[in-house]
Amino acid sequence: MRGTLVLVLAGSLGIAASGCDKKSDDPRSSSAPAASAVAAGVRAVPITVDNKGFTPSSIDVKKGEKVQLLFTRTSDETCAKEVVFPEISLKKELPLNKAVALDVPTDAPRTLTFQCGMGMYKSKVVIN
Ligand SMILES: [Cu+2]
């Protein structure tokens, strides 16, 4: 119990220092399953999230291709503690050093932007 309290306090301090407007509107964030296996026929695309934002900044996907984005946040010195896809109303918490798998719809050619909670860091999936 004592350890949990310390973690909570440390997290709050970190957010205050970075000036990020963290909204705790996702009560299920702590129960998110870890990304481990990727199903056959699915291309896994690793994405690093750090103080420079998202790397790579653009991902090319063929229409209809099955793709799983694997986000790993490697730094606490970043505002991107969650990823948001505004066009498809998708939002996911990004815990530190833990891969978070996200499937994106590739049925239509379009560009899906994804960004941090405040929209400072932007990247995209380009479906052709
Ligand atoms: Cu931000």
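How many helices and strands does the protein chain have, and which protein donors hold the copper ion?

Analyst: This is a predicted model, in which local features need pLDDT of at least 70, side-chain atom pairs count only at pLDDT 80 or more, and totals for chains, interfaces and linings use all residues. Residues are numbered from 1 along each chain as its sequence is written, and side-chain values use heavy atoms, with hydrogens and water left out.

The protein chain has one helix and nine strands, in the order α-β-β-β-β-β-β-β-β-β along the sequence. Helices (H or I, at least four residues) and strands (E, at least two) are DSSP runs numbered from the N terminus.

At the metal site, the protein donors of the copper ion are Cys-79 (SG) and Cys-116 (SG), lying 2.4 Å from the ion. Donors are N, O and S atoms within 2.8 Å of the metal (3.2 Å for Na, K and Ca); because water is not among the atoms, sites may look incomplete. Cys-79 belongs to the loop between β4 (67-73) and β5 (82-85), while Cys-116 belongs to the loop between β8 (110-115) and β9 (122-127); the pair, 37 residues apart, thus links distant parts of the chain.

Both cysteines are buried: Cys-79 has a relative accessible area of 10%, and Cys-116 has 0%. Buried means under 20% relative accessible area, exposed over 50%, and partly exposed in between (1.4 Å probe, protein chains only). Of the 128 residues in the protein chain, 31% are buried.

The structure holds zero disulfides, a disulfide being a pair of cysteine sulfur atoms within 2.5 Å.
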